[in-house]
Amino acid sequence: MTGPALPRVAVCGISLEASTFSPALTTAAMLAPRRGREVLDAWDFWRDGGALADRAEWVGVLQARSIAGGAIPADDYALLKAEILAGLVAAVAQAPLDGLVLDVHGAASVVGLDDMEGDLALAVRAVVGPDCLVSSGMDLHGNVSRTLAATVDLLTTYRTAPHVDWQETKERAARNLVDRLALPPGERRPAKAWVPVPILLPGEMTSTRQEPAASLYARVPEIEALDGVLDAGIWIGYPWADEPRNGAVVMVVGDDADLALREASSLATELWERREEFGFVAPTGTLDEVLAAALASPVAPYVVSDSGDNPTAGGAGDVTWTLARLLASEDLAASGKRAIYASIPDAVGALAAAEAGVGAHVRLTVGARIDARTAPPVELSGEVVAVVPTDDNLEVVVRTPSIDVVVTRRRRPYHLESDFTRLGLDPRRADVVVVKIGYLEPELFDLAADWMLALTPGGVDQDLVRLGHRRVERPVFPLDDVSGVDPLARAVLFPGDTARA
């Protein structure tokens with residue numbers, strides 16, 4: 001005797017965090033789309049033998065993902081979107097879909113389009129139909145527009161920054177979906193309370209390592225545990241895109257509509273009331289101030305965050321402003337201390353150094369191929385001490401009198417100790433380690449004897465006023481006078497199928 005048929009669930013999406021203040025673009029090729037079985041193999045939980053593998057008939061369509069960068073060209077987005085929709089049409093023609101996992105970040109930008117995730121959700125919904133349940137697990141630095149909130153049935157988000165729970169969140173989105181599909185039709189779609197909060201802050205001021213984010217996000221699982229609530233989340237939003245949707249959102253979903261709205265409103269109100277408490281996750285300063293502190297420090301390694309060009313937030317990665325100043329620093333040269341700089345992407349420079357080989361002395365012109373707004377390419381002279389090719393990159397180390405400079409063919413973050421040691425660099429023995437990052441990821445945080453965040457220019461400049469937003473909803477904190485703002489004025493309750501008093 002066979003049991004009931006498994007629900008059919010498609011998986012698709014486009015996941016990117018994109019700065020509209022960066023001249024960089026993220027092409028379809030850079031988004032490295034996975035198709036079919038590859039989509040499922042990317043996650044353990046619905047892979048063969050995974051925790052959710054036997055809960056549904058999973059149908060991989062297309063999922064495209066990249067580290068943060070610039071906006072997607074309109075034609076590239078159109079191609080990816082068309083392929084997703086064609087795949088869904090083919091899947092629906094084979095048999096109806098009961099559910100769909102829309103795998104998105106929440107802060108993708110497309111040239112000429114304000115709300116990629118909302119646009120994609122509407123297009124997907126038009127193919128799969130109104131009865132198909134759609135779920136998404138998003139980054140807390142994503143944005144939930146009213147369109148996205150209305151179109152997706154189940155929304156959840158990360159609860160930690162740095163994002164140590166990102167895989168757990170993706171699994172929760174899939175688990176919530178199959179749990180709801182186990183309910184009878186007509187009882188599956190929960191109520192959703194959506195409360196946009198007019199706050200625009202960088203992640204470096206909203207880390208869950210510190211207050212007030214620590215206690216605000218601690219409330220999320222407490223709300224989720226309430227009878228009648230399925231999930232809750234705070235999307236603090238993405239500040240480096242100038243779009244009307246960008247800003248904070250609180251959502252609560254569940255079968256008790258009144259409770260969902262009440263809890264979402266309460267959490268949004270607390271977020272608003274504590275807005276002035278948000279501060280940078282580390283001491284900050286100009287580059288000159290931060291370098292002076294690093295050179296004067298009695299402890300090492302002293303980690304410096306070159307925050308304005310952080311590639312994991314959307315920076316082009318090749319801004320030379322900081323590197324040029326470090327190379328020219330008489331104070332660094334006179335200190336006798338050594339620094340590591342990671343990194344400057346320049347394909348021509350990396351290839352030239354690799355061709356010269358380890359031990360060669362090279363003179364390179366590197367950086368500012370994409371973002372030359374604040375500084376031109378820099379002249380880099382030194383000895384090649386490492387050449388490390390990989391499947392998708394090439395990394396070289398050029399040793400100058402004071403700095404070991406990592407030059408790469410393609411931009412990439414340096415978050416792990418192994419990122420350095422495999423290049424023959426020991427960050428624990430360096431005096432100063434300069435990385436293009438915002439708040440430190442866990443391994444760097446543990447490695448650092450001390451650290452500061454340098455307020456440097458670039459496509460993800462921490463100085464939002466300096467960036468000059470023109471299209472976000474105003475007024476918004478901290479850009480405007482918000483003394484008369486009602487944080488609940490735009491709250492919406494989407495009642496769902498099963499709202500009960």
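Trainee: By class, how many nonpolar, polar and charged residues does the lining of the second largest pocket have?

Mentor: This is a predicted model, in which local features need pLDDT of at least 70 and side-chain atom pairs count only at pLDDT 80 or more, while totals for chains, interfaces and linings use all residues. Residues are numbered from 1 along each chain as its sequence is written, and side-chain values use heavy atoms, with hydrogens and water left out.

The lining of the second largest pocket has 15 nonpolar, 4 polar and 6 charged residues (nonpolar: Ala, Val, Leu, Ile, Met, Phe, Trp, Tyr, Cys and Pro; charged: Asp, Glu, Lys and Arg; polar: the others, Gly among them). The volume of this pocket is about 370 Å³. On a 1 Å grid over the protein atoms alone, a pocket is an open set of points with protein on both sides within 12 Å along at least five of seven lines, a cavity is a set where a 1.4 Å probe fits but cannot get out, and lining residues have an atom within 4 Å of a point. Points are joined across faces, edges and corners, and a volume is the space filled by probe spheres set on them.

Of the 25 lining residues of this pocket, P196, V197, P198, E473 and R490 are the closest to its centre. At least two lining residues come from each of helix 4 (146-151), strand 9 (191-197) and strand 11 (248-254) (helices, H or I, of at least four residues and strands, E, of at least two are DSSP runs numbered from the N terminus). Strand 9 gives the most, with 3 residues.

Next, strand 20. Of the 5 residues of strand 20 (residues 450-454), 4 are buried, so this strand is largely enclosed by the rest of the structure (buried: under 20% relative accessible area; exposed: over 50%; partly exposed: in between; 1.4 Å probe, protein chains only). Strand 20 runs parallel to strand 12 (residues 284-285), joined by 2 bridges (strands pair if DSSP finds at least two bridges between them), with G285 opposite A454. Strand 13 (residues 302-306) also pairs with strand 20 in the parallel sense, over 5 bridges; there, V303 has W451 as its bridge partner.

In helix 8 (residues 287-296), the residues L287, V290, L291, A294 and L295 are buried. Their arc around the axis is only 130 degrees, which puts them on the same side of helix 8 (the arc is that of the directions from the helix axis to the C-beta atoms). Among the elements covering these buried residues are strand 12, strand 13, strand 19 (432-435) and strand 20, as well as helix 9 (321-327) and helix 10 (330-335) (contact: heavy atoms within 4.5 Å). D288 and A296 are exposed on the face of helix 8 turned away from its buried side.
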